[in-house]
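Student: I've got the sequence and the model open, and I'd like to talk it through with you. Can we start with the DNA contacts?

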Protein chains: 2
Amino acid sequence: MEERIKNAAAETHAARVDRVIEAEEAFRDAAKIFSVAELFRLFGDPTRVGIMTVLYEKERCVCELSDLLVMTVSAISHQLRLLKQSGLVKYRREGKHLYYSLADSHVSTILAQGFEHVNE
Amino acid sequence: MEERIKNAAAETHAARVDRVIEAEEAFRDAAKIFSVAELFRLFGDPTRVGIMTVLYEKERCVCELSDLLVMTVSAISHQLRLLKQSGLVKYRREGKHLYYSLADSHVSTILAQGFEHVNE
DNA sequence: ATAACAGTTGAACAGTTGTTCAACTGTTGG
DNA sequence: CCAACAGTTGAACAACTGTTCAACTGTTAT
């Protein structure tokens, strides 16, 4: 009798643990889905793709980006802030100029993959 | 004299052709940048990433997607329309059900790349 | 010190986006 | 045929996004 109660209790507890683990996995998966969407969201704007495409070749300061993409310095700067915050670009100061470049090879790879897909 | 005029005219024409070619290239580049941004934009929403992640494993009908992602059938359907229009997913009918799947390996590759980057 | 240049930042605005709701089409089983 | 199920679609709405403008910080040359 006491055995059966203990078994029943153990099963219930085990089942609950399983449910919790399942929920945690679902939560982690959901979190990853949001992170992936957030990553691609940053690649999902023409201005930012333009910036990263220019930086793919070599580092550039803000005014160069502004000239090459034919946009105001302010607009470029706002987008660079987003890319910087997400660790997609980095920069170094040289006198008055801030030279931006792609943060790592992962960024170049993702960008290249995008162009590859577009080129069929 | 007539030679010089002809040469001058030829140079001007060549220069103009160069400028036009340059402009066309810039135009093509700009068009590609927009296409790449448009591609990534579709990967830049949690619902759509969720759908594609589920479809990565195997094809699913709309009501399965609705259950798995805990969203209304309507919301899923709206997002599937966007993915369908851009050629990122395809579907086949089986009775009352429409089974959706990823359009090609390129889509899986881009998605996988995203998860890879998020997993450091 | 100060003028000029390089870039950042916040508020404001228009345009876009994703979800909901309700009405709709299409398919199947009774 | 028709009821039930599977899914689509358009309008409406709130939330979000990208650009502009003006004011700002930081650096350099005079």
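Student: How far is a phosphate oxygen of DNA strand C from a polar backbone atom of A:Cys63?

Tutor: Before the number, note that this is a predicted model, where local features need pLDDT of at least 70, side-chain atom pairs count only at pLDDT 80 or more, and totals for chains, interfaces and linings use all residues. Residues are numbered from 1 along each chain as its sequence is written, chains are lettered from A and ligands numbered from 1 in the order in which they are written, and side-chain values use heavy atoms, with hydrogens and water left out. A polar contact here is a pair of N or O atoms within 3.5 Å; within protein, one must be able to donate a hydrogen and the other to accept it, and residues adjacent in sequence count only if both atoms are side-chain atoms. For the backbone of A:Cys63, the distance to the phosphate oxygen is 2.8 Å.

Student: Which element gives the largest share of the surface near DNA strand C?

Tutor: "Near" means that one of a residue's heavy atoms lies within 4 Å of the strand. Helices (H or I, at least four residues) and strands (E, at least two) are DSSP runs, numbered from the N terminus. Contributors of at least two residues each include helix 3 (62–69) of chain A and helix 2 (46–57) of chain B. The largest share, 5 residues, comes from helix 4 of chain A.

Student: Of the DNA atoms within 4 Å of the protein, what percentage belongs to sugar or phosphate?

Tutor: Among the residues that come nearest to DNA strand C are A:Ser77 and B:Thr47. On the DNA side, bases make up the rest of those atoms, and the sugar or phosphate part is 70%.

Student: Which residue of strand 3 of chain B is the bridge partner of B:Arg60?

Tutor: Strand 1 (residues 60–61) and strand 3 (residues 97–102) of chain B run antiparallel, joined by 2 bridges. B:Arg60 has as its partner B:Tyr100.

Terms used: Two strands pair if DSSP finds at least two bridges between them.
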